[in-house]
Amino acid sequence: MREYILVFLVAATVTFLLTVVAREIAIRTGAVAAVRDRDVHDEPIPYLGGLAMLGGLVAAYLVARELPFLSLSGPFVFRDAGIVLIAGALICAVGVLDDIFELDALTKLGGQVLASGFLIAFGIQYVFFPLTNGEVFAMDASQAALLTGFVVVATVNAVNFVDGLDGLAAGVVGIGAIAFFVFCYQLTRLNDAPRATTAALLSVALAGVCVGFLIHNFHPARLFMGDSGSMLIGLVLSASAVTLTGQFSGTEIARGGDGTQASLLPTLLPILLPVSILVVPLLDLVLAVVRRTRAGRSPFAPDKQHLHHRLLEIGHSQRRAVLIMWLWAALIAFATVSASLYTGVWVWVSVGLLTAVTVVLTFVLPVVHKPKVLEALDEPSAETL
């Protein structure tokens, strides 16, 4: 665990420091977010935060290779992590071009497919799904490749869609990465398996990168991650889940935290993880596609009706809207992990209580405690009197 904490700190520190460099590059290259009708920021903000995030991931990877415990792990741990980082660099490069030149949606989708195809070509794809009885459900190569490509591209676009408020995407993905790291580490500990896995290494590094970037990105943001960052962290999150399928046997993944047979969730978690962690942005993605196609527009045509916009409309401030969406992401991610590893009534009671608290904070808080700006707008002016 100590080496994983060090990897987290390295990723966070390097990302925090490189963000200053990325901001200067963005200003010099003109990669700046202009103020548009659908945006909530009121002044131009530089892009290219993805460059700092990529630097943090690479630094964490290089340091991990030199640590006593992690460096002695299986040969595929760093090999697979390296492939994910190369694919991340590829999709980050596409994002950089989009941040500077504003690529069309089809070109960006082509870059996403190319990056996911690179992962699949080098063996980063779903291998098999362990069942709770110790047996294994295997997929043929074409089915596994299609499923992998779909999950990676969907996750990348979900993160890209949710990146609409300061700190929102980095916070949601960071929470998801922490939840998945807890799952990976607990799974190895409870089953007395080797602690070093590609999934744990990538997820803890990704969590550190998001934390380091959030220091600059939380409202009021000094830098946006842009597509270079949102597509990068979406790919790393989904790829870390994919790598888990080939590193655990059916016996290991079927044993729950209390020593009894676990539910079916651990078997499906490599697929469910990006969906469960990103259920809020994925829901936003689906609603956006339906809304735009019904209006006769392109599914990728931007608008101002995302979930975070609706939170602002019902009375939340920008910071509070971000915290509310973080809370929903944490609830769903950690509830999924807990239900996957443990059984018992206490799990569902805890989830129910946290859900009730989250619902109250989402819908009741803006009624009883409006932001100061909204309160001022509600007060009658001298002219109306």
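Asp80 is buried in this predicted model, with a relative accessible area of 11%. Its value falls under the 20% limit for a buried residue, and therefore Asp80 is placed in that class. The side chain of Asp80 meets that of Arg79 in a salt bridge, with an N to O distance of 3.0 Å. Arg79 is partly exposed, its relative accessible area being 36%.

Side chains of opposite charge can pair when their charged atoms come close. In this model the count of salt bridges comes to four. One of them joins Arg28 and Glu24, whose closest N and O atoms are 3.1 Å apart. Both Arg28 and Glu24 belong to helix 1, which covers residues 2–29. They are separated by four residues, about one turn of the helix. Arg28 has a relative accessible area of 70% and is exposed. Glu24, at 39% relative accessibility, counts as partly exposed.

A further salt bridge is formed by the side chains of Asp227 and Lys108, at 2.9 Å from N to O. Through salt bridges with shared partners, Asp98, Lys108 and Asp227 are joined into one network.

Helix 8 (residues 226–243) also packs with helix 2 (residues 49–66). The angle between these helices is about 35 degrees, and their axes are 6 Å apart. On the helix 2 side, the contact is made by Gly49, Gly50, Leu51, Met53, Leu54 and Leu57. On the helix 8 side, Ser228, Gly229, Leu232, Ile233 and Val236 take part. By class, the contact of helix 2 with helix 8 contains seven nonpolar residues, four polar residues and no charged residues.

The surface was also examined for nonpolar patches. Val359, Val360, Phe363 and Val364 make a nonpolar surface patch of about 330 Å². Of these residues, Phe363 lies in helix 14, which covers residues 345–363. Phe363 has a relative accessibility of 53%. Exposed residues are those over 50%, so Phe363 counts as exposed.

Definitions and conventions: Residues are numbered from 1 along each chain as its sequence is written. This is a predicted model: local features need pLDDT of at least 70, side-chain atom pairs count only at pLDDT 80 or more; totals for chains, interfaces and linings use all residues. Side-chain values use heavy atoms; hydrogens and water are left out. Patches are made of residues with over 30% relative accessible area and no salt bridge: like charges are joined within 9 Å, nonpolar side chains (Val, Leu, Ile, Met, Phe, Trp, Tyr) within 5 Å. Accessible areas come from the Shrake-Rupley method with a 1.4 Å probe; for residues, only the protein chains shown count as cover. Helices (H or I, at least four residues) and strands (E, at least two) are DSSP runs, numbered from the N terminus. Buried means under 20% relative accessible area, exposed over 50%, partly exposed in between (1.4 Å probe, protein chains only). Axes are lines fitted to C-alpha atoms, for helices over the stretch in contact, and angles run from 0 to 180 degrees between N-to-C directions. Contact means heavy atoms within 4.5 Å. Ala, Val, Leu, Ile, Met, Phe, Trp, Tyr, Cys and Pro count as nonpolar, Asp, Glu, Lys and Arg as charged, and the others, Gly among them, as polar.
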